[in-house]
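I opened the model to look up strands, loops, salt bridges and surface charge. My entries follow in the order I made them.

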Amino acid sequence: MYLETINGPEDVKKLNIDQMTELASEMRQALLKRASIHGGHFGPNFGMVEATIALHYVFDSPKDKIVYDVSHQTYPHKMLTGRKDAYLYEEHYDDVSGYSNPQESSHDHFTVGHTSTSISLACGLAKGCDLNGKKENIIAVIGDGSLSGGEALEGLDFAAELESNLIIVVNDNDMSIAENHGGLYENLKLLRETKGQAECNLFRAMGLDYIYVDEGNNVKELINAFEQVKDSSRPVVVHIRTQKGKGYGPAEKDKETWHYNAPFNLETGEALAQPQGDDYSDITADYLLDKMKKDPSVVAITSATPTVLGFTKDKRDKAGKQFVDVGIAEETAVALASGIAANGGKPVWGVYSTFVQRTYDQISQDLCINNNAATIITFWGTVYGMNDVTHLGLYDIPMMANIPNLVYLAPTTKEEYLAMLDWSLEQQEHPVAIRVPGGPVLSNGQAVTKDFSKLDKYEITQSGKTVAVIGLGNFYSLGLDVASELQKQTDIHATVINPYYITGIDKELLENLKKEHDIVITMEDGILDGGFGEKIARFYGDSSVKVLNYGLKKEFLDRYNADEVIKKNRLTKEQITEDIKNLLNR
């Protein structure tokens, strides 16, 4: 077995073409077994095996620096750079992250998990190399889907300015997470069809040299191409045509589903854990499809993650032109939504919390300054969501809740969520965002009669004295649990409040609490600094009311255990009750 003997790129260089071809097969088998047990990004890695072998055969990593975009395709790279055990042996599967990580290896140069960054990062490395008089090859690896991101195009535009060594490997498998969208993909298609010979060439138009490799899963062809550009004195694009999911039938057939996979049955490809009950994404898609039938001005927008809104291929087909995928371009998604709203449409943009930061400027400038009535639905904004350091869903509240004009809502149940979504689509006065609860769908079957146009009006759901508990969105149920635990231990019957609004405070309600309450508790499923609770604490700053804010410490967490983080931040009902009792006894 060749893979077991690979302890670094120097071992790859000892192999001949036939041996490297066998190594590629062994790597796919290891990837397949690990993915079936551990889960992870599937299709991108399977398509990049041969290219990764060829890169390490030709170049001299880590002196020659390879920067991977998104890092969805870094598993083969990790295998060949001293981390093979994390892919060969189950007891070591958790030794590595799912993304490039300089703390793991000198062969990784950046922690990267968001898309369209590799060319710009590589440009920086190349400029640094020039400034210091070094002689290195700087290689950026980027997928065709990532090219739609603004930073990728900015990087391509700047690259020619370097007039020095920069090698951009474009991995073209004719896919993003789902299908690609946008005009540049017509040019990529033309280049594939003409085997790189078309006169119309995006990369040459940017002032870059260009090489095309039609057999991007052929080690020999790739080595020949990389040897041509090694030690180049001008920026050059090596455009390779690969097959996403290559080597596993189900992944080759259904590229979208197999972009990322949870553990699955190797023989059947079926997920080992089947979804249980309702899902907020599916609920959203069903709602929007029904709304679209009744109102042709309703449009759903995604930035390359259509299933965040529940829009699988069949539902996208049903929606037709009322569903828009702008590609990996969150900035355009928000600006597009603002423009649609300004011209009488009813846009809904669905986004994972971790990607909100990619378009902060557009939310503030293009949308909220203009006060256009677009709707943003934020998913997985929770400590219980994605837990990799590059994909944290904990920062959307401080980012979004402090933008003027934006109304940011936090439902606690399915019924509240749908009522908020319906209000948002029908009103024309505010840009609105809705933070979908994390975890299982909660439904109480109760009709929601609240008028959300009366902004910043909280609701007392349980009246009491001495202690008031304000549980925001996902942590409202924790608030109920704390009130119950407090009554068990102290006989204090606490007031419980559902605030609904992240962006504003109910001054009248908070003022009235002063009459019979000594302590106010706030709870939010996100970072405390700049968050919801601080607004409440600031309101009571000049009063005798004491405020305890509960949420998460500002830090970059990586591959964390949610229950451990909850305990560390004193977010269990027992810990909070203990803090309340201690404060009462002072």
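Buried here means under 20% relative accessible area, exposed means over 50%, and partly exposed lies in between (1.4 Å probe, protein chains only). Helices (H or I, at least four residues) and strands (E, at least two) are DSSP runs, numbered from the N terminus.

I noted for the record that this is a predicted model, in which local features need pLDDT of at least 70 and side-chain atom pairs count only at pLDDT 80 or more, while totals for chains, interfaces and linings use all residues. Residues are numbered from 1 along each chain as its sequence is written, and side-chain values use heavy atoms, with hydrogens and water left out.

Which strands pair with S16? Strand S14 (residues 459-462) pairs with S16 in the antiparallel sense over three bridges. Strand S15 (residues 466-471) pairs with S16 in the parallel sense, also over three bridges. Two strands count as paired if DSSP finds at least two bridges between them.

**Backbone entries**

I looked for a cis peptide bond and found one joining serine 61 and proline 62, with omega at about 10°. Proline 62 is placed in the loop between H4 and strand S2 (65-68).

Next I checked positive phi values. Aspartate 231 has a phi of about 65° although it is not a glycine. This aspartate 231 sits in the loop between helix H11 (219-229) and strand S6 (235-241). Is aspartate 231 buried or exposed? At 57% relative accessibility, aspartate 231 counts as exposed.

Aspartate 456 also has a positive phi of about 65° and is not a glycine. I placed aspartate 456 in the loop between strand S13 (432-435) and S14. Aspartate 456 counts as partly exposed because its relative accessibility is 23%.

**Leucine 55**

I found leucine 55 in helix H4 (residues 49-58). Leucine 55 is buried because its relative accessible area is 0%. I also took the separation of leucine 55 and leucine 336: they are 281 residues apart in sequence and 39 Å apart in space, C-alpha to C-alpha.

**Salt bridges**

How many salt bridges are there? I counted a side-chain nitrogen of Lys or Arg within 4 Å of a carboxyl oxygen of Asp or Glu. By this rule the count is 31 salt bridges.

I looked at lysine 230 and aspartate 60, whose side chains meet in a salt bridge (3.5 Å, N to O). This pair links distant parts of the chain: lysine 230 is in the loop between H11 and S6, aspartate 60 is in the loop between H4 and S2, and they are 170 residues apart. Lysine 230 counts as partly exposed at 26% relative accessibility, and aspartate 60 is partly exposed with a relative accessible area of 34%.

I then took arginine 83 and aspartate 108, whose side chains meet in a salt bridge at 2.8 Å, N to O. This pair too links distant parts of the chain, with arginine 83 in the loop between helix H5 (75-79) and H6, and aspartate 108 in the loop between H6 and H7, 25 residues apart. Both arginine 83 and aspartate 108 are buried.

The next pair was aspartate 286 and lysine 315, which form a salt bridge with the closest N and O atoms 3.4 Å apart. Aspartate 286 is in helix H13 (residues 280-294) and lysine 315 is in helix H14 (residues 313-319), so the pair links distant parts of the chain, 29 residues apart. Aspartate 286 is partly exposed, with a relative accessible area of 46%, whereas lysine 315 counts as buried at 14% relative accessibility. I also noted that salt bridges with shared partners join Lys291, Asp295, Lys346, Asp422 and Glu426 into one network.

**Surface charge**

Last, I looked up a patch of negative charge on the surface, where Asp85, Glu90, Glu91, Asp94 and Asp95 gather. Patches are made of residues with over 30% relative accessible area and no salt bridge; like charges are joined within 9 Å, and nonpolar side chains (Val, Leu, Ile, Met, Phe, Trp, Tyr) within 5 Å. Lys and Arg count as positive and Asp and Glu as negative, with His and the chain ends not counted. The place of a charge is taken as NZ of Lys, CZ of Arg, CG of Asp or CD of Glu. Accessible areas come from the Shrake-Rupley method with a 1.4 Å probe; for residues, only the protein chains shown count as cover.

I placed glutamate 90 in the loop between helix H6 (85-88) and helix H7 (118-131). Glutamate 90 is partly exposed, with a relative accessible area of 48%.
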